[in-house]
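Hi everyone, thanks for coming. Have a look at the model on the screen, and then I'll walk you through a few parts of it.

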Amino acid sequence: MATELRTRGATVPDSRRLVIATDKDVVSARQIGRELAAEFGFSPGDQTVIAAAISEIARNILMYARRGEVSFQLVNDGTRAGITVTAQDEGPGIPDVARALLDGYSTSGGLGLGLPGARRLMDEFDIVTGVGRGTTVTMSKLKRPQR
Amino acid sequence: MEVPILKQGQYLIASIQSALTDADLSQLREALIAQVGRYRARGVIVDVTALDVMDSFAVRTLRDVTHMARLRGSETVIVGIQPEVAFAMVQLGLTLKGVATALDLEEGLAFLDQRGRDRVERGN
C-alpha cells in the first residue's frame, strides 16, 4: 500500500510533486496538501491550516518566480510524525529574508502576510534563498502525540 | 469557475460553490461591483461557506469588494466563515477589519435589513 510506504517515511510518489505555473496549480497544491493531511490523520482544523500555508507559499512562487514546484512528504520516524511541504523555484530570490518575514512587508503590493503567516501556521519553517539563486521554502506540520 | 450571483430584492447574493482561483476571485469582485450599479443593490452578501481556505489573496479581494461596494452606496457582509477557516485566518494575521461578517445567510440578511432601517431613520 502506498499509504503504508509513505507513513514509514519513504518519499511520496511523483504525483505528489506539482508544478506551479498557474493560479489553478495553487488551488491544486493546497487541495493535495489537505488530502494528504487528512489521510495522515490530521484534524480538519490542521488540514485547513496546512492548506492555507501551502496556498500562500505556492502563490509566492507564481508572483515572484512565475514557475516552480511544490512537493509533499509524509514523515513518521518514530520520534516525529507530520507532513513536510517544500516549495522550490528558480526565481529572483529574496534579497532580505528578515524583512520578507515581517508582517506587512511586501514587494508585490500584496498584504505582506504570506511568508510570516505561513511560518506562524506551521511548526517548522525554513527558507534558503539568495539573489539569483531562487527560493526554497521547507515547512512542516507535526502531529501532536495521541492522548 | 464562475460564482453565481443572485438578486434578491435590493440585495445581491454571491454564493461560492467551490474552491476559487485568484482569477475567479478577481472576476467575482468585478462582477459584484458592476451588478451593484446595474441592479441598484443596497446590499451584497458573499457566502463563503464552501470556500476551502481564506488566504491573503481571498481576504484582500473580499475587503476590496466591501470598500468598492461601499463607495457605490452598497453594504457588504461576508457570511459562512467556517470555524477551522477562521482559525487559520487568525494565525495568518488576516482579520477582515472594516468588513462586516455574519454567521450565515440568514444572519447576513438580518444585518442588511437592520442597516437599511438605520439608514431610513437617519433620513439618508
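Let's start with one residue: which residues does B:Leu51 touch, not counting residues up to four places away in sequence? The list is B:Ile16, B:Ala19, B:Leu20, B:Ala58 and B:Val85. Touching, or being in contact, here says that the C-beta atoms, placed from the backbone, lie within 7 Å.

A quick word on the ground rules. This is a predicted model, so local features need pLDDT of at least 70 and side-chain atom pairs count only at pLDDT 80 or more, while totals for chains, interfaces and linings use all residues. Residues are numbered from 1 along each chain as its sequence is written, and chains are lettered from A and ligands numbered from 1 in the order in which they are written.

Back to B:Leu51. This residue is among those with the most contacts inside the largest nonpolar core, which has 68 residues. Others in that group include A:Ala53, A:Ile54 and B:Val44. A nonpolar core is a set of buried Ala, Val, Leu, Ile, Met, Phe, Trp, Tyr and Cys residues joined through C-beta atoms within 7 Å. Buried is for 20 or more other C-beta atoms within 10 Å of a residue's own, exposed is for 12 or fewer, and partly exposed is in between, with C-beta atoms placed from the backbone. The largest share of this core, nine residues, comes from helix α3 of chain A, residues 44-65. Helices (H or I, at least four residues) and strands (E, at least two) are DSSP runs, numbered from the N terminus.

Now the sheet in chain B. Five strands form an open sheet in the order β1-β2-β3-β4-β5, with mixed pairing; strands pair if DSSP finds at least two bridges between them. At the edges stand β1 and β5 of chain B, each with a single partner strand, so one side of each has no neighbour in the sheet.

What about β3(B), residues 43-47? Five of its five residues are buried. B:Gly43, B:Ile45 and B:Asp47 are on one side, with B:Val44 and B:Val46 on the other. In general, side chains in a regular strand alternate between the two faces of the sheet. β3(B) is joined to β2(B) by five bridges, and these two run parallel. B:Tyr11 is opposite B:Gly43, and B:Leu12 is opposite B:Val44. β3(B) also pairs with β4(B) in the parallel sense, again over five bridges, and there B:Ile45 has B:Val77 as its bridge partner.

Next, where do the chains meet? 18 residues of chain B are in contact with 24 residues of chain A. On the chain B side, α3(B) gives the most, with six residues. That side divides into nine nonpolar, four polar and five charged residues. For that count, Ala, Val, Leu, Ile, Met, Phe, Trp, Tyr, Cys and Pro are nonpolar, Asp, Glu, Lys and Arg are charged, and the others, Gly among them, are polar.

Over in chain A, A:Ala51 is in helix α3. A:Ala51 is buried, with 26 other C-beta atoms within 10 Å. Its contacts beyond four places in sequence include A:Arg30 and A:Gly33, plus B:Asp52 and B:Val53.

Last stop: why is helix α5 of chain A largely enclosed by the rest of the structure? Because six of its eight residues are buried. Among them are A:Leu115 and A:Arg119. What covers the buried residues of α5(A) includes α3 of chain A and also α2 and α3 of chain B.

Terms used
Two residues are in contact if their C-beta atoms, placed from the backbone, lie within 7 Å.
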